[in-house]
Structure formats: structure tokens, C-alpha cells
Amino acid sequence: MDVMVSVKDGELWSHDSGEPSGTGGESLPLVLLHAGVGDSRIWDGILPQLTERHRVIRYDARGYGRSPAPTAPFSLVEDLIAVLDHYGVARAVLAGSSMGGATALSLALRDPARVASLALVVPAVTGAEEPLPPEFMAEVGRLAQAGDVDGIVTMMRGVSATMGTGDDPEVTAHLKAVVPAWFAVHPHHMPDPPVFDRLGELDVPCVLALAEHDQPGVIRVNEAMARRIPGCRLVRLAHSDHFPTVREPEAVLEVVLDAYALAR
């Protein structure tokens with residue numbers, strides 16, 4: 001069921017798949033948190049396999065997909081808490097890709113009682129080094145000022161979608177859909193507190209999927225994260241870039257289901 005969830009100074013589009021038949025309504029919900037290079041539709045390739053086994057809640061972050069653009073300062077982790085509260089979810093398994101992984105980690109360190117386990121797919125993390133070089137970000141800023149969405153999409157494909165060929169239509173569609181969100185969100189997004197140096201405090205089961213063809217900076221950070229998180233299981237996706245749900249959906253599905261099985 002589609003629901004608009006009220007959050008501080010705004011609202012978010014969300015969807016609750018409901019409890020699958022045969023579970024008796026007792027299972028932990030699975031919450032999907034999307035990347036910054038796509039909205040919640042990045043999970044579409046594995047959604048049917050997830051919803052047939054689990055209650056799945058997903059939502060679009062502010063300005064992404066079907067959620068309105070922000071008009072006031074906001075926090076990604078505060079929005080996640082608001083979604084969980086709206087659905088009466090005291091505890092859940094979190095699956096987060098890139099930006100969504102950072103949000104999942106922020107909640108796990110802020111309120112570990114609410115997180116049963118983590119599936120982190122090419123995750124970002126607050127407090128880590130910026131994975132892209134300053135000159136790249138400066139060029140993106142120049143293109144943004146010029147309103148050149150196609151130019152930004154081309155640059156992002158070159159660093160985040162190296163496994164693609166030609167126009168790479170699925171990845172291009174994801175990027176074209178989210179670049180306007182970046183413009184709308186940037187002035188209002190309040191970064192959550194840094195947690196990279198606190199990863200050793202995590203006490204929840206975790207599976208982290210690293211993409212072998214991702215940006216070198218992301219790979220370095222992901223390897224460091226896996227070393228720092230106690231008991232973290234590292235999975236290397238040999239045929240993925242920063243879009244593993246597009247490149248290797250079955251492998252991502254296995255990562256999410258494995259993390260769910262570890263929930264405690």
C-alpha cells in the first residue's frame with residue numbers, strides 16, 4: 001500500500017508490502033533504503049522475491065522519486081525514524097545501498113535496539129573520506145550551475161557505471177531521474193553525525209557487499225568499513241559497479257536474505 005508519511009517540515013512517499021501469507025504477522029519487517037544514484041525503484045529487480053518472504057517497507061528520500069522536494073533543513077536518519085514510527089516498527093532489518101547504507105549505519109549506532117541486522121550494499125558512511133577527487137566534484141558543480149543534467153549524467157556514468165556499455169539505458173534512466181533531486185536537496189540536507197570512527201561500536205549482524213568495479217575510493221572505504229565492523233561478513237561482487245542491483249540482482253538478493261537470516 002502506498003502511503004505519504006509525515007516527517008518534520010515535509011512528507012515522504014512510502015510503500016508497505018504487508019505481511020506475506022503464512023508468517024502470522026510475527027516476522028521482522030525489512031526496510032529498504034535507496035542509493036543517492038537512484039530512488040526506491042533501484043530495488044525493483046529483487047522486490048518480488050523479498051515481498052514473497054517478508055514484509056517490506058521502502059520509501060523515497062526527500063526530493064527523490066515520488067517524495068516532494070525539501071523546503072527546510074532535514075536529516076536522513078530522522079526521516080528513517082519517522083517512517084519506522086509511522087508504521088509502528090520497533091525493530092527491523094535494514095538494507096541500505098550507498099546513501100541508504102549510511103543512513104542505516106547512523107540509526108544502528110544511534111539506536112541499536114531498533115536494528116536487528118544490516119545488509120549494506122556498496123555503502124557510504126558519514127565521516128569517511130570523499131570517494132571522488134576534488135576536481136571531479138568541481139566539474140560537477142560547474143555543470144550544475146549551467147543546468148547541464150546530461151553532462152552530469154555522462155560524468156557519473158563514467159565513474160559509477162563502468163560495467164555498462166553504450167548508453168546503458170537503465171542506469172541512465174536512474175541518474176536522469178535523480179540529478180534534479182540533488183539540486184533540490186543540497187541546500188536543505190543536514191548531514192548526520194560522523195560514524196566512520198565509531199564502527200567498532202556496532203553490535204548488530206552485518207553483511208557488506210563491495211563492488212569490484214566501483215570507484216577506487218568507495219572500494220577503499222568499504223574495505224575499511226568491513227574491517228572495523230565487528231563480525232562483518234564481506235561479500236565481493238565481481239561483476240558490479242555502483243549499481244549492483246542492476247548488474248547482479250541475484251547476488252544482492254542473497255546478501256539481503258543472508259543478513260535477514262542473521263537478525264537477532
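Residues are numbered from 1 along each chain as its sequence is written, and side-chain values use heavy atoms, with hydrogens and water left out. Because the model is predicted, local features need pLDDT of at least 70 and side-chain atom pairs count only at pLDDT 80 or more, whereas totals for chains, interfaces and linings use all residues.

Biologist: How are α5 and α6 oriented to each other?

Modeller: Helices here are DSSP runs of H or I with at least four residues, numbered from the N terminus. The axes, lines fitted to C-alpha atoms over the stretch in contact, with angles from 0 to 180 degrees between N-to-C directions, come within 9 Å for α5 (residues 149-160) and α6 (residues 169-185) and cross at roughly 120°. Angles under 35 degrees count as roughly parallel, over 145 as roughly antiparallel, 65 to 115 as roughly perpendicular and the rest as oblique, so α5 and α6 are oblique.

Biologist: Which residues of α4 meet α5?

Modeller: Helix α4 (residues 134-145) packs against α5 at an angle of about 155°, with the axes 9 Å apart, and the two are therefore roughly antiparallel. Taking contact as heavy atoms within 4.5 Å, Gly 151, Ile 152, Met 155, Met 156 and Val 159 in α5 are met by α4 residues Phe 136, Glu 139, Val 140, Leu 143 and Ala 144.
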